[in-house]
Amino acid sequence: MTSPEDREVAYDAGTGTYRTSYDTATENPSIRVLEAVGAVRDAEPTALEPLDEYVDPDALDHVFGPTTDQSGVHGSLSFNYEGLLVVVHSDGEIELREQV
């Protein structure tokens, strides 16, 4: 299980990037994206626009979510959501940047 420290969204002023992570062995990244965007926007995840209008959450979870075999899965997926560029990495990192 992911510890509370891993759930924090940290801001890097040098790059203008918010960073957080998800546990690739147990968590679906789509849920963590909603939580992280909610934290950045100071809103409950249920108050955000539906994620499926921007990316297919099931496909995101299928590609980067928990499986019994993560071998060969490397890469990232980026999409715009709630005024942020969201980048989900296969290693469990999620980056959020304000769109310009």
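So, aromatic pairs: searching the whole structure turns up two of them. Rings of Phe, Tyr and Trp (its six-membered ring) count as a pair if their centres lie within 6.5 Å, with planes under 30 degrees apart called stacked, over 60 edge-to-face, and the rest tilted. Tyr11 and Tyr18 have ring centres 4.7 Å apart and planes at 50 degrees, so that pair is tilted. For Tyr54 and Tyr81, the centres are 5.3 Å apart and the planes sit at 65 degrees, so this one is edge-to-face. That pair links distant parts of the chain, 27 residues apart: Tyr54 is in the loop between α2 and α3, and Tyr81 is in strand β3.

Quick caveat: this is a predicted model, where local features need pLDDT of at least 70, side-chain atom pairs count only at pLDDT 80 or more, and totals for chains, interfaces and linings use all residues. Residues are numbered from 1 along each chain as its sequence is written, and side-chain values use heavy atoms, leaving out hydrogens and water.

Buried or exposed, what is Tyr81? Buried, at 0% relative accessibility, while Tyr54 is partly exposed at 33%. Buried means under 20% relative accessible area, exposed over 50%, partly exposed in between (1.4 Å probe, protein chains only).

Now helix α3, residues 57-64. Helices (H or I, at least four residues) and strands (E, at least two) are DSSP runs, numbered from the N terminus. The buried residues of α3 are Pro57, Leu60, Asp61 and Phe64. Looking down the axis of α3, they fall within an arc of 95 degrees (taken from the directions from the helix axis to the C-beta atoms), so they line one face. Over on the other side, Asp58 and His62 are exposed.
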